[in-house]
Amino acid sequence: MNEWKIGTAEQADKKLYAGLKREIVLALGCFLAAGFLWFCQIRLEQYGLAKRIAPEILRFHVIANSNSEKDQEVKLKVKSFLIEEIYGEMEAERCSQTKADMISFLSANREDLERKAEEFLRELGKDDPVSLEIVWCEFPEKFYGDIMLPAGKYQAAQVKIGKGLGHNWWCVLYPKVCITKDAVAVVPETSREELKKLLPQEDYLALQSKRPVIHVDFQLRRLLNRWYSYSSASSPSPLTPQ
């Protein structure tokens with residue numbers, strides 16, 4: 001009689017276990033599918049926004065020679081040197097500093113900027129060549145203070161140091177968001193005003209989106225709690241005769 005009760009209880013526990021397992025797998029599958037669709041939707045929206053604002057923006061992309069600690073330090077020093085050179089020379093020449101003016105200046109002074117960067121490198125004890133090109137390339141999503149630039153393809157002044165195989169550094173050359181410090185707490189007000197003039201209001205407001213905060217509270221949590229309660233109740237096992 002006791003053996004029959006134990007067998008019946010064991011079958012019931014197996015059915016409960018199988019049912020919970022199916023529910024958890026189904027809930028997890030739904031969660032992953034929803035997450036994937038949400039990710040795709042966000043990416044589509046970002047690329048759409050990037051496509052609209054890219055014609056008004058010039059990014060700055062500096063690629064290190066390698067990922068060695070020394071080359072990464074050199075990369076940051078070179079980007080700061082070039083930013084000061086570009087803005088300083090444009091101001092001295094009284095360029096209007098529109099995107100077209102900046103591209104024109106960089107194209108006309110490319111060899112001079114490359115030479116100055118290489119001379120700066122020699123002062124740092126490096127003899128790597130430096131190249132500067134205006135290119136279109138993919139950029140990931142990037143936050144500059146409370147301004148978000150979406151992932152997408154942008155025109156950029158791209159600087160390669162040496163072999164250009166190391167980690168890269170990027171910012172916005174126009175409007176002026178690049179500064180010589182690595183951390184930007186607040187985008188300069190002049191850059192905000194320039195962005196407002198260049199972009200439709202809807203797109204400008206979209207750039208001020210806050211970093212996403214994801215809160216997880218769904219059916220899977222309830223199922224996992226049931227699973228935990230079941231497991232706890234099973235230790236010691238209820239099937240063990242007393």
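Biologist: Two strands pair if DSSP finds at least two bridges between them. How many bridges join strand S1 (residues 58–63) to S6?

Modeller: Six bridges, and the two strands run antiparallel. In one of them, Arg 59 has Val 172 of S6 as its bridge partner. This is a predicted model, where local features need pLDDT of at least 70, side-chain atom pairs count only at pLDDT 80 or more, and totals for chains, interfaces and linings use all residues. Numbering starts from 1 along each chain as its sequence is written, and side-chain values use heavy atoms, with hydrogens and water left out.

Biologist: What is the strand order in that sheet?

Modeller: S2-S5-S1-S6, four strands in an open sheet with mixed pairing. Strand S2 (130–139) and strand S6 (168–174) are the edges, each pairing on one side only. From one strand to the next, the twist averages 30°.

Biologist: Which strands does H4 touch?

Modeller: H4 packs on the sheet against S2 and strand S5 (152–161). The direction of H4 makes about 105° with that of S2. Angles run from 0 to 180 degrees between N-to-C directions, with axes fitted to C-alpha atoms, for helices over the stretch in contact.

Biologist: Zoom out. How many helices and strands are there?

Modeller: Seven helices and six strands. Those are DSSP runs numbered from the N terminus: helices are H or I, at least four residues, and strands are E, at least two. Along the sequence the pattern reads α-β-α-α-α-β-β-β-β-β-α-α-α. Of the 242 residues, 36% are buried, meaning under 20% relative accessible area; exposed is over 50%, partly exposed in between (1.4 Å probe, protein chains only).

Biologist: Back to helices. At what angle do H2 and H4 cross?

Modeller: Roughly 140°, for H2 (residues 69–92) and H4 (residues 110–123), with the axes coming within 10 Å. H2 and H4 are therefore oblique to each other. The cut-offs: under 35 degrees is roughly parallel, over 145 roughly antiparallel, 65 to 115 roughly perpendicular, the rest oblique.

Biologist: Which residues meet there?

Modeller: From H2, Val 74, Lys 77, Val 78, Phe 81, Leu 82, Glu 85, Ile 86 and Glu 89. From H4, Asp 112, Leu 113, Lys 116, Ala 117, Phe 120 and Leu 121. Contact means heavy atoms within 4.5 Å. By class, the H2–H4 contact has nine nonpolar, no polar and five charged residues. Nonpolar covers Ala, Val, Leu, Ile, Met, Phe, Trp, Tyr, Cys and Pro; charged covers Asp, Glu, Lys and Arg; the others, Gly among them, are polar.

Biologist: And how does H3 pack on H2?

Modeller: At about 105°, with the axes of H2 and H3 (residues 99–108) 11 Å apart. That makes H2 roughly perpendicular to H3. Ile 86, Tyr 87, Glu 89 and Met 90 of H2 touch Asp 101, Met 102, Phe 105 and Leu 106 of H3. The H2–H3 contact has six nonpolar, no polar and two charged residues.

Biologist: Is Glu 89 buried or exposed?

Modeller: Glu 89 counts as buried because its relative accessibility is 15%. Leaving aside neighbours within four places in sequence, Glu 89 contacts Phe 105, Asn 109, Asp 112, Leu 113 and Lys 116.

Biologist: New topic. Which peptide bond is cis?

Modeller: The one from Tyr 174 to Pro 175, with omega near -10°. Pro 175 sits in the loop between S6 and H5.

Biologist: What about Thr 190, buried or exposed?

Modeller: Thr 190 is in H5 (residues 189–198). At 62% relative accessibility, Thr 190 counts as exposed. From Val 177, Thr 190 is 13 residues away in sequence and 9.4 Å away in space, C-alpha to C-alpha.
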